[in-house]
Amino acid sequence: MRLGLGVGFQAGLAQGPRRAGPDAGQTRPRAADGLGPDGGGHVLERLRAVIAARARERPPGSYTVDLLDHGTVKISQKVGEEAVEVVVAANAEGRDRLASESADLLYHLLVLLQSTGVPADDVWRELARRAR
């Protein structure tokens, strides 16, 4: 599924995640993958911001606006469908499909948070608390 969000990602070199093993502690440069030192966390925040902008600005033809207009029940159904597709991909469809379906799930989850008024920051804080 293409979400048509129009989110551009920076290219160029950035520091990647830390390596495990004999060269632990060193970072791996990333070339033009658009991620960055946080391994992609900022991508979720940028996506959240795009979703919030769509909710405010209501551009015609926006898939996000269409979902929001259908309400929390419909968005929740989409989250459930995408979760099932992630499970199927993980067990039978390979890495590329799993990555694609995971992106769909994360997008729909962020739309659900927008719809219910739950700030994504609350989720990020909870994840940080659990990571301690």
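Modeller: Helices (H or I, at least four residues) and strands (E, at least two) are DSSP runs, numbered from the N terminus. What you see is a predicted model, in which local features need pLDDT of at least 70 and side-chain atom pairs count only at pLDDT 80 or more, while totals for chains, interfaces and linings use all residues. Residues are numbered from 1 along each chain as its sequence is written, and side-chain values use heavy atoms, with hydrogens and water left out.

Colleague: Thanks, that helps! In what order do the elements of the protein chain run from the N terminus on?

Modeller: The protein chain holds 4 helices and 2 strands. Reading from the N terminus on, the order is β-β-α-α-α-α.

Colleague: Let's start with a histidine. Is His108 buried or exposed?

Modeller: You will find His108 in helix H3. Buried means under 20% relative accessible area, exposed over 50%, and partly exposed in between (1.4 Å probe, protein chains only). The relative accessible area of His108 is 0%, so His108 counts as buried.

Colleague: Which residue does the side chain of His108 join in a polar contact?

Modeller: A polar contact is a pair of N or O atoms within 3.5 Å; within protein, one must be able to donate a hydrogen and the other to accept it, and residues adjacent in sequence count only if both atoms are side-chain atoms. At 3.0 Å, the side chain of His108 has such a contact with that of Tyr63.

Colleague: And the aromatic rings? Is the pair of Tyr63 and Tyr107 stacked or edge-to-face?

Modeller: Rings of Phe, Tyr and Trp (its six-membered ring) pair if their centres lie within 6.5 Å; planes under 30 degrees apart count as stacked, over 60 as edge-to-face and the rest as tilted. The structure holds 1 aromatic pair. Its rings belong to Tyr63 and Tyr107, 6.1 Å centre to centre with 25° between the planes, and the pair is stacked.

Colleague: How many residues apart in sequence are the parts that this pair ties together?

Modeller: Tyr107 is buried at 0% relative accessibility, whereas Tyr63 is partly exposed at 26%. Tyr63 belongs to helix H2 and Tyr107 to helix H3, so the parts tied together are apart in sequence by 44 residues.

Colleague: How far from Ile75 is Leu112 in space, C-alpha to C-alpha?

Modeller: Ile75 sits in helix H2 (residues 63-92) and counts as buried at 0% relative accessibility. Leaving aside residues up to four places away in sequence, Ile75 touches (contact means heavy atoms within 4.5 Å) Leu67, Leu68, His108, Val111, Leu112 and Ser115. Although Ile75 and Leu112 are 37 residues apart in sequence, their C-alpha distance in space is 5.9 Å.

Colleague: I like charged pairs. How far apart are the closest N and O atoms in the salt bridge of Glu45 and Arg48?

Modeller: A salt bridge is a side-chain nitrogen of Lys or Arg within 4 Å of a carboxyl oxygen of Asp or Glu, and by this rule there are 9 of them. Glu45 and Arg48 are 3 residues apart in helix H1, which means a separation of about one helical turn. Glu45 is partly exposed at 28% relative accessible area, as is Arg48 at 27%. In this salt bridge the closest N and O atoms are apart by 2.7 Å.

Colleague: Last one: what percentage of the residues of the protein chain count as buried?

Modeller: Of the contacts with a separation of 6 or more, 48% join residues 24 or more positions apart. The protein chain has 132 residues, and the share that counts as buried is 27%.
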